[in-house]
Amino acid sequence: KDKKMKTLLLFVTLIMFAGYLSAAVGCDLNDPDRDVKKLFPDNTGYKTLYVSIAQKGGTPLLTKIEQRLGDKFQGLYETADVPYTMYQIYKGKELIGYIHGVNQKGKYGGIQVFLALDKDGVIKSFYIQKITSPNAKKFRDAAFGKQFIGLSLKDFYEYNIQKASATPDSKINRIKNPDPKTDDFKVIMRAVKKNLILTDEFLLNNKYLKYMK
């Protein structure tokens with residue numbers, strides 16, 4: 001009888017654990033030491049922070065972030081309890097920037113979009129860690145990534161996710177879609193805007209909220 005009870009408890013625990021994993025899909029650097037060095041060559045160390053919308057504000061915060069994004073969160077990658085892994089990068093005791101990645105659902109699978117930002121939230125590097133797509137190489141090409149350098153959330157507020165377009169005079173328009181035959185570009189642009197909003201919310205004390213249109 002005890003053996004059956006233990007088996008039942010183990011089964012219930014495994015089911016609960018599986019449910020937790022399916023409901024909270026985070027996004028970490030594959031090799032933080034290597035990747036931080038690559039994105040910030042002059043760094044001397046970094047700190048890793050783990051935050052979630054549920055932890056920081058729950059449903060009201062989720063609603064606020066959706067308003068800033070201009071789109072609803074949906075699916076396993078965008079539940080309120082998703083753990084976001086954020087890296088604070090240091091040179092000596094000086095904070096010199098951040099690295100943050102998000103998961104975004106694409107047509108062919110999940111896409112992991114990482115941004116390296118300076119301490120003011122301006123993009124220094126754009127990095128796709130994972131992408132499943134017939135034309136993945138086009139989006140991993142260095143020339144594509146360079147188009148994001150120097151942009152910030154102020155610029156991405158000019159990008160409308162629903163229309164997949166920016167205002168006529170926006171710097172966003174300099175980013176060219178290397179594969180118009182798929183929706184990968186739209187997915188990646190949404191991921192970048194979401195990434196910047198979450199970074200602003202959790203790391204920059206909403207520095208860019210005033211630019212929200």
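Is Glu 94 buried, partly exposed or exposed? Glu 94 counts as partly exposed, at 43% relative accessibility (buried is under 20% relative accessible area, exposed over 50%, partly exposed in between; 1.4 Å probe, protein chains only).

1. Basis. This is a predicted model, in which local features need pLDDT of at least 70 and side-chain atom pairs count only at pLDDT 80 or more, while totals for chains, interfaces and linings use all residues. Residues are numbered from 1 along each chain as its sequence is written, and side-chain values use heavy atoms, with hydrogens and water left out.

2. Overall. The protein has eight helices and seven strands (DSSP runs, numbered from the N terminus: helices are H or I with at least four residues, strands E with at least two). Of its 213 residues, 45% are buried.

3. Lys 119 and Glu 94. A search of the whole structure finds twelve salt bridges (a side-chain nitrogen of Lys or Arg within 4 Å of a carboxyl oxygen of Asp or Glu). One of them joins Lys 119 to Glu 94 at 3.8 Å, N to O. Lys 119 lies in the loop between strands S4 and S5 and Glu 94 in strand S3, so the pair ties together parts that are 25 residues apart in sequence.

4. Asp 120 and Lys 207. Here the closest N and O atoms of the salt bridge are 3.3 Å apart. Asp 120 is in the loop between S4 and S5 and Lys 207 in the segment after helix H8, 87 residues apart. Asp 120 is partly exposed at 36%, as is Lys 207 at 37%.

5. Lys 186 and Asp 183. This salt bridge has its closest N and O atoms 3.9 Å apart. Separately, salt bridges that share partners join Lys 64, Arg 68, Asp 200 and Glu 201 into one network.
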